[in-house]
Amino acid sequence: MKKRKQHLVFFLILVCIVSLLGCARTRIIDKISIVHVFGFDQADNGDLVGTALFPVYTKSKGSDQIQYLEEQTPSSVLFVPRMGAHTSTPVQLSKIRVLLFGKEYAEAGIQDMVDRFMTTPQLGTNIQIAVSTHSAKETLNTFKKEKSLTLAERIEHNMEGQSLPTMNLHVFLNHFYGEGLDAYVPIVTIDEKEMVTAEGMGVFKDDKFKLQLNPEQTALFSLIKDYQSLATFKIPPGEKDRSEIIIVKGFRSKSNWDWDSKEEQINLRLQLEMTLSQHSRKYNLEKAEDINKLKKIIVTNLEKGVSDLLETFKENEVDPLGIGNIVRSKDRNWDEESFYQLYPTLPIHVNVNLQIIHSGLEG
Amino acid sequence: MFRKRRRKPLDKRKYETVDKTVSDVFERANKSSDFTTISPFEKDHPLQISFYKTLIDPSVLQKSVLPFLKEKASAIMELSDLTNMIPIEGIKFTKDYLELEKALHNGSVAVYFKDKKDEFALLNINYARLGQRETNDTQNEFSVIGPKIGFIEDLTTNLHLIRDHLSTSDLIFEEIVVGSRAQTKVVIAYLDGVTNPDYIDTAKQRIQELDVDTSFDNTQLEQLISDNTKTPFPLFITTERVDRTVGSLLQGQIVVISDKSSYAIIGPGTLMEFFSNPEDFYLPSIIASFFKLIRIFGMLFSIFASAFYIAIFTFHFEVVPKDLLGPIIFSRANVPFPPVIEVLFLEVTIDLLREAGARLPTKIGQTLGIVGGIVIGQATVEAALTSNILLIIVALAALSSFTTPIYKMSNAVRLLRYPFILLAAIWGGLGIYVGLILLITHLSRLKSLGVPYLLPLYPYRKGGVVGSFVRPNYVNYNKRPWYLRPLSLKRYFPANDKDPDEGLNTE
């Protein structure tokens, strides 16, 4: 009898645990508004302006029916309830693919917004975070006119197969809060044909947008940062004569950082495997000396490009490559403040080791 | 509150009407119109014969019994004289009226002196195949290749089929009579020197201790001797295929066959065995393994598909890929019900169709396919009662539930989805998880003839897990599963060196 009572108690506890944990609101798939892109801007009076794009799938199978909502609130927490007032179904943030910051807002500092991402567990971390050169509102409006919801894809494929360095919210948060590194994001812009374009990348200093890199610099950056960057390079960059142009495409790259603590300098050794897509006819690739000549031209150009890029970072006192973090891993007495006082004058020696794996054939 | 009221044990053999004397036997038999007593001789001859004319073979009676009796009627002074006169094997003499009654019901003719009813000669001329079907193709378990012989509703034929396939003196048949009113013959078959005697003893004890009036079919008997009668899972394999039965005998399992039943039951059964099919053993092992995995996947899909549909579409829309959101939401947009009602509606419809299809005569059954498949399927979507996507999922789930070769198991799989549907509707993914835990707990507690049902997965038995998901190669797996504790382990030695370097066309 006693044993049976014990079982009954256990059973009731189990029922309670299960039923209480299950007290979740139902979110039936066709009775919710699923936000796809969320943009943030700053209004003139200091309020936040949130813009969101919802696909209206109940009216059409594709994503050509897009609902646009804009809300101005003093706090980011109020976006969802205010937006809910305009929609016929509850607003759900879980499927957000891209978070977009207007450049002005990014330059003013986004600390409070990023803190909010951390406390919103509905957001996945494998989503894109980007800064737009125009305001987020304008970009989203242009995007809505395109009648497609492929902003995330547009950024992602540029990271995988083109020159953008890989980034998502997860990595961004690590860079944003981590010591010895600064966050960087892809930049989207509206081009002359009223199209939303992924173009280059931007670097944050602490929580403020500081530096925008042009596409060439972005390609070099992804060569250093990513293991498999498929960026294409035109060498020499300023060449106008078409017969002289050399074009190489990245295939695999590996960067080794060395911290020389005695002389307080950094050696960067880049091991590159590249394919030669186009070269001048005066080089005969069957001759070893011609190949060496070609290699030398490419290496010197790349070395110069990388050094210039690092110089730009030092001038702007930003560290998206995480050099501080690299030094920290080698130096026990590393201290963030003193290192970054040293940073603008820190000598970095770049050494590129190139291997051409094949030429001509497009892979 | 939960205590069971203890009942008094029933009196032994309560349903049996007890005859006290010989005249009682005849008196009661005479009430039936098919019981015949004739005196085929001159009027004053004392000899008489009695029989149930529905049970005997009339041609034998006409050709081999009556002529000889008539010819030499006057010479009969003693009943034992009959042995020399009638050319029939199996003439018995008895004085026991119980034995007489039993023999009459088995199709014997009783010969006796009219005025001296204390000794009877019993001539067994029963017509066992009367009313039996002639074809013995398998009716429910099909295979494309391999033998297609199945059991029929006759014990001697079935025993013949087994003995014919497995002609060894190690094959033992033990007969037990079950049922106190209609005495059904039940035979336990096993391989001497292979099958563990524990299984034989357990099965024998359970069958002997049964106290029922009639056993209609082996499947009923199976439930009566089952270890757990409250579970939806079948604990013994019910099969009508001869090759499957013989295969299990060779594995060291026991087989129970009973009269008037076309199904043999195989024990001890383990869960994973229900997903293998005799055809697995006729196909190359890699192909057979693939289809076995498909069957296991089909079982899982059939249980969980509609439950996941509900859980995802009511609680966890995040897991739906972005490109799929459009088609799904668009197809569900006009459906006025929550997913659970939608799913229950379709699932019950499919089960109705299935049940109707099983009961309808074959000729009308064809129309059912059209009504079910086209009219109901198409119309419910157009009437916005269900979404297109759900229709596909439920149809696929129904389809995959039929891949389970054993009918009883496929029924259990069909039933199991309903609790999962309800759990998913209440608690979403958590509900499915809770249901899964309860299911696994239940399964791991089941036993068949005292052997754990989940063997060899739980308790884990080395070397058996691969064999429960795929059909291993004959060359590598030439032993019986040791966890079933057979008395001899090795089954065969495959031929060595089947791919010699030196051949006729060696270069």
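Contact is taken here as heavy atoms within 4.5 Å. The model is predicted: local features need pLDDT of at least 70, side-chain atom pairs count only at pLDDT 80 or more, and totals for chains, interfaces and linings use all residues. Residues are numbered from 1 along each chain as its sequence is written, chains are lettered from A and ligands numbered from 1 in the order in which they are written, and side-chain values use heavy atoms, with hydrogens and water left out.

Chain A and chain B meet through 29 residues of chain A and 25 residues of chain B. The size of an interface is often given as the accessible area lost when the parts come together. Here, buried area is the accessible area (1.4 Å probe) that two parts lose on being put together, summed over both. For chain A and chain B this area is about 2,500 Å². Carbon and sulfur atoms give 71% of it. In chain A, the residues that lose the most area to chain B are A:I29, A:Y57 and A:K95. Together they account for 27% of what that side buries.

The interface holds 3 salt bridges (a side-chain nitrogen of Lys or Arg within 4 Å of a carboxyl oxygen of Asp or Glu). One of them pairs B:R332 with A:D30. Their closest N and O atoms are 3.2 Å apart. Helix α1 (residues 2-21) of chain A supplies the largest share of the chain A side, 5 residues.

Chain A has 11 helices and 14 strands, assigned as DSSP runs (helices H or I, at least four residues; strands E, at least two) and numbered from the N terminus. Its C-alpha atoms fill a box of roughly 90 × 55 × 50 Å along the principal axes. Of its 363 residues, 47% count as buried, meaning under 20% relative accessible area (1.4 Å probe, protein chains only). Among contacts in chain A with a separation of 6 or more, 65% join residues 24 or more positions apart.

A:S280 lies in the loop between β13 (265-278) and α9 (288-316) of chain A. A:S280 counts as buried because its relative accessibility is 4%. Beyond its neighbours within four places in sequence, A:S280 is in contact with A:S243, A:E244 and A:I245.

Conventions. Buried < 20%, exposed > 50% of the residue type's maximum accessible area, 1.4 Å probe, protein only.
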